[in-house]
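The following paragraphs accompany the model displayed below. Please keep the sequence and the structure in view while reading.

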Amino acid sequence: MKFGSIALALAALLSSANARAEGWLRVDGTQIVDESDQPIILRGMGLGGWMLQEGYMLKLGELGQQHVIRAKLVELVGEKRTAAFYRAWLDNHTTEADIEQMAKWGFNSVRLPIHFDQLTLPADKEPKRGQDTWLEEGFQRIDRLLEWSRKNRIYLILDLHAAPGGQGNDLAISDRDPAKPSLWESAENQRKTVALWKKLAARYKDEPWIGAYDMINEPNWSFATPGKGNGCDETENKGVWELQQRITKAIREVDGKHMVIIEGNCWGNNYRSLPPAWDANLAISFHKYWNRNDEASIADITALRQSYNRPIWLGESGENSNVWYRDAIALVEGAGIGWNFWPLKKIGFNQPLEIDPGPGWAKIVDWATGKGPKPDADEAYAAMMTLARNSRFDRNIPKPDVIDAMFRQPHETTYRPFAQRTLDKRPLVIRAADYDLGPAGVAYQDNVDANYHVATGGERTPWNNGTTYRNDGVDIARANDGRPYVTDFVTGEFLRYSADVAKAGRWTVTARVRSAEGGRIGIDERGVAVPAGTAWQSIKLADVDLPAGPGSAILRAIECSDCAIESLTFTPR
């Protein structure tokens with residue numbers, strides 16, 4: 001599907017999005033308000049993977065940290081070519097087109113995860129200890145992002161995602177090298193962190209489209225057992241609070257207007273021993289992944305909002321299914337809480353934009369993770385540059401189902417066609433994977449539709465077993481030619497397909513299906529038999545009479561253990 005047609009459809013879909021906020025954001029009791037004192041619900045995405053790569057976003061989760069990935073690429077193609085790749089990646093991954101499209105979709109904020117090494121040297125690389133070398137190129141990238149945000153009336157929230165030394169034992173999120181002192185183990189790393197925030201605040205103190213300063217992303221450090229644990233059992237968190245107080249003080253020396261955001265230990269969720277509010281313009285962030293979307297899941301943080309008399313913000317969430325996104329957003333917006341999901345794009349299917357890495361990247365992944373031979377250096381460099389170019393917006397694959405789940409479905413439970421289609425005098429072929437947009441139980445039904453492993457204590461649960469094309473529970477695979485089809489269509493599941501019927505009439509509905517075990521599917525209660533076999537076969541489902549106007553048909557798995565559906569065809573009689 002072409003990006004243009006999807007963008008137009010979604011623009012119409014979201015035409016009723018809330019009006020944009022105006023001017024400076026600030027804290028007013030338990031709310032975030034704009035310059036006209038109107039409460040604002042922040043709706044945003046994080047630019048994960050741009051200035052800081054986490055391995056899983058590149059299918060290199062086994063390597064983890066960016067510096068490990070970079071060293072592997074240097075081993076493969078050399079330092080000069082690796083530097084060229086990273087320059088191309090930074091130039092392509094996030095551009096004005098990304099921010100413009102975010103605004104069209106309905107987002108009013110964007111969170112920038114900053115790697116400190118884009119702005120200053122590591123402490124052990126400074127020519128003089130205790131002094132800071134500032135890297136103007138990195139600041140200029142933020143300047144450009146701010147300009148794009150301003151033009152599109154989107155608030156830019158600066159997030160120190162990788163602090164000097166790294167802020168936790170979840171190594172990849174802050175590109176931490178465990179062989180070196182962490183942020184919490186080094187006075188010099190902490191001094192540099194404070195100095196960096198003062199530098200940022202001085203540069204952007206007069207910019208109202210800077211929404212806030214998110215001071216330290218996801219501290220996850222057990223002070224009682226350094227190097228072992230993520231701070232979830234800490235009761236004092238003294239180091240976490242003291243450093244954020246120091247950062248706030250430094251910011252206020254040069255910038256008295258911007259909102260500051262604090263994050264607790266345990267990936268932003270442990271607020272034990274939080275001191276009394278040390279700043280009038282301070283908000284509280286929490287992060288939410290893979291748990292239930294019920295009142296109990298936010299009870300502690302909403303209680304803190306009231307007792308602390310400060311706003312709360314879901315500063316990071318995502319990496320789940322559309323069902324989970326819809327339920328989470330409905331939950332927090334219903335409680336007056338803004339949100340920022342993660343990330344805008346990566347190699348993968350469950351975010352607004354997908355990066356197609358190109359065919360050569362898989363060979364690099366296989367070699368880097370010990371599963372394949374070392375690629376030729378020239379071939380590998382070409383694959384790296386293809387990946388960098390494909391990270392650009394106009395080469396990304398848009399995910400309309402994800403946007404629909406974030407913006408329409410939390411507030412509306414109806415179905416919509418995945419693509420506009422009309423039943424008229426010609427046969428209409430609908431790909432099975434192009435079932436309607438909408439909530440589970442309405443547009444489709446699947447036995448597994450989200451991952452709740454944090455709540456269950458079990459394994460991570462895939463929802464779409466094929467991990468491709470769409471982010472619902474429906475299982476989708478790819479044929480050899482790349483075409484998507486529905487697989488693992490089992491008893492009790494259904495798919496809805498809607499279209500505009502140009503003129504009342506009768507149509508013969510057929511399906512292209514296969515099932516090694518055989519089964520029964522149908523668009524009525526009786527259904528038809530699917531003969532056992534491994535090849536695709538066309539079977540007649542029914543003759544249907546449809547009135548003019550909007551219409552839909554529901555395909556049901558009446559008795560199936562392994563049915564697969566490639567397409568449905570509506571042929572006029």
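Volume denotes the space filled by probe spheres set on the points, with grid points joined across faces, edges and corners. The model is predicted: local features need pLDDT of at least 70 and side-chain atom pairs count only at pLDDT 80 or more, while totals for chains, interfaces and linings use all residues. Residues are numbered from 1 along each chain as its sequence is written, and side-chain values use heavy atoms, with hydrogens and water left out.

The overall form of the chain comes first. The chain contains 14 helices and 25 strands, where helices (H or I, at least four residues) and strands (E, at least two) are DSSP runs numbered from the N terminus. Its C-alpha atoms fill a box of roughly 80 × 60 × 45 Å along the principal axes. The radius of gyration, taken over C-alpha atoms, is compared with a globule rule of 2.2 Å times the number of residues to the power 0.38. For 573 residues a compact globule would have a value near 25 Å, and the 25 Å of the chain agrees with this. Of the 573 residues, 57% are buried; buried means under 20% relative accessible area, exposed over 50%, and partly exposed in between (1.4 Å probe, protein chains only). Among contacts (heavy atoms within 4.5 Å) with a separation of 6 or more, 73% link residues 24 or more positions apart.

Attention now turns to the pockets. The largest pocket holds about 1,500 Å³ of space. Of its 46 lining residues, Y289, W290, E319, V454 and R460 lie nearest the centre. At least two lining residues come from each of α8 (265–268), β8 (282–288) and α9 (295–308), and α9 supplies the largest share, seven residues. The lining comprises 21 nonpolar, 15 polar and ten charged residues; here Ala, Val, Leu, Ile, Met, Phe, Trp, Tyr, Cys and Pro count as nonpolar, Asp, Glu, Lys and Arg as charged, and the others, Gly among them, as polar.

The second largest pocket has a volume of about 1,200 Å³. Its lining consists of 40 residues, and H115, F116, D117, P122 and D175 are those nearest its centre. Helices α2 (66–77), α3 (79–93), α5 (136–151) and α6 (187–204) each supply at least two lining residues, with α3 giving the most, five residues. By class, this lining divides into 15 nonpolar, twelve polar and 13 charged residues.

Which features of the backbone deserve a separate look? Most residues other than glycine have a negative phi, and most peptide bonds are trans. A cis peptide bond, with omega about -20 degrees, joins W342 and P343; P343 lies in the loop between β10 (338–342) and β11 (345–346). E218, in the loop between β6 (210–214) and α7 (238–252), has a positive phi near 40 degrees. E218 counts as buried because its relative accessible area is 5%. T467 likewise is not a glycine and has a positive phi, about 45 degrees, and is placed in the loop between α14 (453–456) and β17 (476–478). T467 counts as partly exposed because its relative accessibility is 47%.

Conventions: 1 Å grid on protein atoms, 1.4 Å probe; cavity = no way out; pocket = protein on both sides within 12 Å on 5 of 7 lines; lining within 4 Å.
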